[in-house]
Amino acid sequence: TVESAAARAAGRSAAAVETAQRGIALLEPLLATNPAQRSRQHLMGRAHLALGRAWAKLGNGGAARTAWEAARTALEPLAQGSRDVAVLDSWSRILLHLGQRQAAAVVVEQLAAAGYRRPDYLALCFEQGLLAPPAAGGV
């Protein structure tokens, strides 16, 4: 039934919240001892991004926004001037979730010019109207 499917989805989202929170708790002391570690900063940003998505799926917009703001704080220093496609992917997703479409569009263009074609990323960009979907029958 629709209700059972919704309950299963909510359960997965609740589990995603717990997983993201555990990841953040593990990363916090590591970043405290070495805050300049770029890979850990990126992981922290991604964990907060995932936490925000999970909260949003559970209907908690306030908690989602708080998580996305934390993700922005973690990733902004890495994203500025970066050419790392993984960092830029995360950065543009954060900007989109925070409603900063114009800033996200700049990053999306940069990734498109670099040939970045991760399918879930492209789907998000198509959904948000930042990239035109491929023409029917085209490649």
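**Fold and surface**

I counted six helices and zero strands in the protein chain, where helices (H or I, at least four residues) and strands (E, at least two) are DSSP runs numbered from the N terminus. Along the sequence the pattern reads α-α-α-α-α-α. The model is predicted: local features need pLDDT of at least 70, side-chain atom pairs count only at pLDDT 80 or more, and totals for chains, interfaces and linings use all residues. Residues are numbered from 1 along each chain as its sequence is written, and side-chain values use heavy atoms, without hydrogens and water.

I looked up burial next: 35% of the 139 residues are buried (under 20% relative accessible area; exposed is over 50%, partly exposed in between, 1.4 Å probe, protein chains only). The chain exposes about 8100 Å², with 58% of it supplied by carbon and sulfur atoms (Shrake-Rupley method, 1.4 Å probe).

**Helix 2 against helix 3**

I found helix 2 (residues 38-57) and helix 3 (residues 61-79) packed at about 160°, axes 8 Å apart; axes are lines fitted to C-alpha atoms over the stretch in contact, and angles run from 0 to 180 degrees between N-to-C directions. The angle therefore makes helix 2 roughly antiparallel to helix 3 (over 145 degrees). Contact residues (heavy atoms within 4.5 Å) include Trp-55 of helix 2 and Trp-68 of helix 3.

**Gly-11**

I placed Gly-11 in helix 1 (residues 2-33). Gly-11 counts as partly exposed because its relative accessibility is 38%. Its C-alpha atom lies 9.1 Å from that of Leu-58, 47 residues apart along the chain.

How values were computed. Angles under 35 degrees count as roughly parallel, over 145 as roughly antiparallel, 65 to 115 as roughly perpendicular and the rest as oblique.
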